[in-house]
Structures are given as structure tokens and as C-alpha cells.
Amino acid sequence: QFLGGIRLDSSLIWEDYTIGKQTYKQLSLKYNCSIKTIQRHIDSYTININPPVVRKVIVIMDTTYWGRGFGVMLFKDAITKENLLKYYVKHESNSLYIQGVNELKDKGFDIIAIVCDGRKGLIQSFVDIPVQMCQFHQSAIIRRYLTKRPKLKAAQELMEVMDLMKQTDKESFIGMLDLWYEKWKNFLNERTINPQTHKSFYTHKRLRSAYRSLKTNLPWLFTWYDYIELDIPNTTNAIDGHFADLKNKLRNHNGLSLKRKKKFIDGFLKV
């Protein structure tokens, strides 16, 4: 198709649209045609996706959302940074993550490790594969319990221990956490009596919950250290950064229909 002496190339329009972040209106001005013509070229463009080569992989998996009821669950190789598999989801579930891992296995991938967030029950689901819980997600859990600037001295010191998690080895971290507990054990066990019911409850429930979260997840927080020869990432940052980049680019195209949004995501993730 020629307009004003310019041959319209759907692949170039698609590249400007996705990588160049140009809107329909900007593209229509650039190519001297209507917005509908631009939309028609984008809609007709065929995305070529080459299936990933079967090999040993370290799978990073996470989900991101656009509002309620629409998200993308992504499985990414930490070694090559290549996306391996994705699902469009209404909400994430452990069963869907397990399905994705099994699908990759069925395709022939040798999954030597998994990195994921701390969804309840998920990290315990892969008994035959080393699993690293994202240390960033663990830090976020602690901050939800204690806030970013806790007032209690015990909470402040627990935050200091947690902040060292990404900078130290497993034995040192466990030693610091045990020292913290010995110092604050009696404080953690303090109870308050309800004057109306005369029943007692733990005075510092959120601090106890923060500590219990660390102790419960400890077996999976240093898998990277237990299998240091595998070079396992200690966070899901590689996939989180990918999601952030995708959202920034999609933000330039607000108001897309679900079909067009999915096509944009398909082209961006190439899987």
C-alpha cells in the first residue's frame, strides 16, 4: 500500500508501535495516513515467535496484572534471559505454576532450579527441584508487618538483620537471626490481658508474625548458597524488570481492546 509516495510497511509500523512507543496518532502523522489505516496494519501484522531450544534452564516465574481479572504468568530462563512460556490468567494459583513447570518438562527442558515468590504452598510443591524464594519478596513481607520505619527497637533490629540477607551467606544470616531471637525472646512472648474477656493475647503480634515468616521460609531463602555451583539468582528481579518495561511501553497505548493488548504482549514477550 502506497500513501503520499510512502510505502506502508506493516513490520516497520509494528516496530515503531512497540519498540518506538509511538501512539496511533503519532504514527498516522508520521506515515501521513488515518489512524484506522495504522490500526489495520498493526492488526494484520503477524508476529513470528520461534519456540525456545530445549536445554537446561533455571526457571524464574511470576505474574503481573493490569487491573482486576487480567494478568500474565511468565516463565523465564535465568541463564539466557529468554522467555520460555506464558499464560494469560485472571488470577495466579499454585496449580497453574505447577502446570507450567510440568509443561516445560514435557517439552524436554531440564529444570535445574526454580526462583519464585513466597506464595503459600508453592515453594514446597517442587520436591525434586531446588527452589529459591525471592529474597526481595521476603523483605516486602517483613515490611508489610513492621512498616518501613518501625518504632519498636526490636522491630528496627529485625529490619537490620533482614537488610543483611542479600549481602551475606546462609550461616551468617542464621547466626544473626538467632542472636536477635535470644535478645528479644521474652519481649516476643509478652502477653496482654483483655480487660473485658480476661483472655490474654500476644502483645507484639505483628513482630511475631514477621519473625515467624523469616523462620518458616528460611529453608528456601538461601538455596542459591546451597547450590552455589548452579549460579541461581536470589531474586525474581530479572522478570520483575521485564514486567516493568512492558507496562511502561503499554502505558503509551491506553484504551487498547483486550485482543490488541494481548497481541502487544505477545510481540513484546515473544513467547
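Visitor: Where does histidine 198 lie?
Guide: In the loop between β8 (191-193) and β9 (200-202). Keep in mind that this is a predicted model.

Visitor: Is histidine 198 buried or exposed?
Guide: Exposed, with a relative accessible area of 63%. Its backbone is worth a look too: histidine 198 has a positive phi of about 65°, and it is not a glycine.

Visitor: Why flag a positive phi?
Guide: Because most residues other than glycine have a negative phi. Lysine 270 is another case, with phi near 55°.

Visitor: Where is lysine 270, and is it buried or exposed?
Guide: Lysine 270 sits in the segment after α11. At 55% relative accessibility, it counts as exposed.

Visitor: Let's zoom out. How many helices and strands are in the chain?
Guide: 11 helices and 9 strands. The radius of gyration is 24 Å, well over the 18 Å that the globule rule gives for 271 residues, so the chain is more spread out than a compact globule.

Visitor: What does the C-alpha trace span along its principal axes?
Guide: About 80 × 45 × 30 Å.

Visitor: And what share of the residues is buried?
Guide: 45% of the 271 residues. As for contacts, take those between residues at least 6 apart in sequence: 58% of them join residues at least 24 apart.

Visitor: On to the sheet. What is the strand order?
Guide: β5-β4-β3-β6-β7. It is an open sheet of 5 strands with mixed pairing. β5 and β7 (131-133) are the edge strands, each pairing on one side only. From one strand to the next, the twist averages 20°.

Visitor: What packs on the sheet?
Guide: Helix α10 (residues 237-250) does, touching β3 (56-65), β4 and β5. The direction of α10 makes about 45° with that of β3.

Visitor: How do β4 and β5 pair?
Guide: Strand β4 (residues 71-77) and β5 run antiparallel, joined by 6 bridges. Methionine 73 stands opposite tyrosine 87 in β5. The two strands form a hairpin with 5 residues between them. In that turn, lysine 81 has a positive phi of about 65°.

Visitor: β5 is an edge strand. How many of its residues are buried?
Guide: 6 of the 7 residues of β5 (residues 83-89) are buried, so the strand is largely enclosed by the rest of the structure.

Visitor: What about β6? Which way do β3 and β6 run, parallel or antiparallel?
Guide: Parallel, with 5 bridges joining them. Lysine 56 stands opposite aspartate 110 in β6. β6 is mostly covered as well: 6 of its 7 residues are buried.

Visitor: And how many bridges join β6 to β7?
Guide: 3 bridges join strand β6 (residues 110-116) to β7, and these strands run parallel. There, isoleucine 114 stands opposite valine 131 in β7.

Visitor: Back to β3. What does tyrosine 65 touch?
Guide: Leaving out residues up to four places away in sequence, tyrosine 65 touches Phe70, Gly71, Lys90, His91, Glu92 and Lys247. Tyrosine 65 lies in β3. At 27% relative accessibility, it counts as partly exposed.

Visitor: How far apart are tyrosine 65 and asparagine 248?
Guide: 183 residues in sequence, and 13 Å in space, C-alpha to C-alpha.

Visitor: New topic: the helices. How do α1 and α3 cross?
Guide: The axes of α1 (residues 10-18) and α3 (residues 35-44) come within 9 Å and cross at roughly 100°. That makes α1 roughly perpendicular to α3.

Visitor: Which residues meet there?
Guide: From α1, Ser10, Ile13, Trp14 and Tyr17. From α3, Ile38, His41, Ile42 and Ser44. By type, the contact has 5 nonpolar residues, 3 polar and no charged.

Visitor: Which residues of α1 are buried?
Guide: Ser10, Ile13, Trp14, Asp16, Tyr17 and Thr18.

Visitor: What do those buried residues pack against?
Guide: α2 (24-30), α3, α10 and α11 (258-269).

Conventions:
Residues are numbered from 1 along each chain as its sequence is written. This is a predicted model: local features need pLDDT of at least 70, side-chain atom pairs count only at pLDDT 80 or more; totals for chains, interfaces and linings use all residues. Side-chain values use heavy atoms; hydrogens and water are left out. Axes are lines fitted to C-alpha atoms, for helices over the stretch in contact, and angles run from 0 to 180 degrees between N-to-C directions. Helices (H or I, at least four residues) and strands (E, at least two) are DSSP runs, numbered from the N terminus. Angles under 35 degrees count as roughly parallel, over 145 as roughly antiparallel, 65 to 115 as roughly perpendicular and the rest as oblique. Contact means heavy atoms within 4.5 Å. Ala, Val, Leu, Ile, Met, Phe, Trp, Tyr, Cys and Pro count as nonpolar, Asp, Glu, Lys and Arg as charged, and the others, Gly among them, as polar. Buried means under 20% relative accessible area, exposed over 50%, partly exposed in between (1.4 Å probe, protein chains only). Two strands pair if DSSP finds at least two bridges between them. The radius of gyration is taken over C-alpha atoms; the globule rule is 2.2 Å times the number of residues to the power 0.38.
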